[in-house]
Amino acid sequence: MWDLTHGKLLRTITDAHPPGSAVLHIKFTDDLTIAVCSDSGGSVFELEFKRLIGVRTCESKCLFSGSRGEVCDIEPLHMNYTIKDHPMKDVMILAMATLSKVLIVTLRPQLKVMFTYPLKGDSSTLPLLAWQFVVIQVSEQDRVIDPVLAFARESTMHFYQVICNSLEDIKFSSLQKMELPYKLLNFMWLNARSIVILDSTERIHVVDVRSEEELEVLDIAEVQLVYGSSYFKSLATGGNVSKALAYAGENACYQSMSSFSGQLFFLGTKSIHVMNLRTWEERIDILLKQRQYKDALTMGLSFYNNKAKAVLGLKGGPQTRKDVVAEKMLQVLYEYVDRAMTSDCPEKGKIEELIEYYQVGIVLSYDSWHVS
């Protein structure tokens, strides 16, 4: 363990898990004295860091034995600190996935299995997990912000909401099931509405979760992703793993893709690549640079009416967002009308063509002006 601020080695842990197996995952919880790790034997361990009289120690406790099914992925839930007094603020939750099922357990206040779900898929595919806090409409007037676990294997994704009424009353509700026409290697939430999926041909798909609409596809083969196959085969420690885990691990790239604040990070063999979705305003500006004023105004209307997908950078309440979009649309409209009356206006032709040109332009301008 390192102090990255000062570049200081804090402790070396030699007994966190049994020898002869490789570490596959290690992740901190919200309690920075507690982390969880999993190894190529399929077991999961809780690591508790302590400091007594200046001596740093680490105590390891087995949470799940690989003899009951090899855990391939783990994901602790990190509470969103912007949500004050959330019912789950005192609950520490960990999601785990084997090749055959998903388990959710509470680590604090007590270790307890809360949820299980069977997983099916091709033997060459690994299970995937990701948490996200999502605004969920429970009635016409009421909304809640609850954690949602997305989990997947092969071509099927599931979304489950965690409903916490009290520490003793935690339930799980199915929100959605998504069938995709390709095999998944990894996926990440971009925000509460959008996910990015990496498929087996190393293409990323930006998908709107609620509508399941695919917004964009990009080939990232040139990134040359790093795969963690050698760890799943435990090559450095003698290859003492099951055939099932070694076979599925051929496509392991859990640590090669990450997301933070709407940005995507990809670990390549020679470099790290950073990608991000354009903000709502940048999407309009791109169309303006291409002089596609009608498309820019149409897109602005979709933002104004809250019908656009994968919207980034538009913050505030409903009326605040409308006011911001209306101001931008007014700028676009002035530029559009100016060009429509000058450089884009037909210089010659039949009067019918001129009438038709202005009719189309006036209708579009009127709709946009009415909003602005």
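## Report on a predicted chain

His158 lies in strand 13, which covers residues 156-166. Strands here are DSSP runs of E with at least two residues, helices are runs of H or I with at least four residues, and both are numbered from the N terminus. This is a predicted model, in which local features need pLDDT of at least 70 and side-chain atom pairs count only at pLDDT 80 or more, while totals for chains, interfaces and linings use all residues. Residues are numbered from 1 along each chain as its sequence is written, and side-chain values use heavy atoms, with hydrogens and water left out.

With a relative accessible area of 8%, His158 is buried. The term buried means under 20% relative accessible area, exposed means over 50%, and partly exposed lies in between (1.4 Å probe, protein chains only). Not counting residues up to four places away in sequence, His158 touches Tyr117, Leu149, Ala150, Phe151, Gln176 and Lys177; a contact means heavy atoms within 4.5 Å.

The backbone also deserves attention. Most residues other than glycine have a negative phi, and most peptide bonds are trans. A cis peptide bond, with omega of about 5°, joins Arg108 and Pro109. Pro109 is placed in the loop between strand 9 (101-108) and strand 10 (112-118).

The chain as a whole can now be described. The chain contains 6 helices and 21 strands, and its C-alpha trace spans about 85 × 45 × 45 Å along the principal axes. Of the 372 residues in the chain, 43% are buried. Among contacts between residues at least 6 apart in sequence, 50% join residues at least 24 apart.

The accessible surface of the chain comes to about 20,700 Å², and 52% of this surface belongs to carbon and sulfur atoms. Such areas come from the Shrake-Rupley method with a 1.4 Å probe; for residues, only the protein chains shown count as cover.
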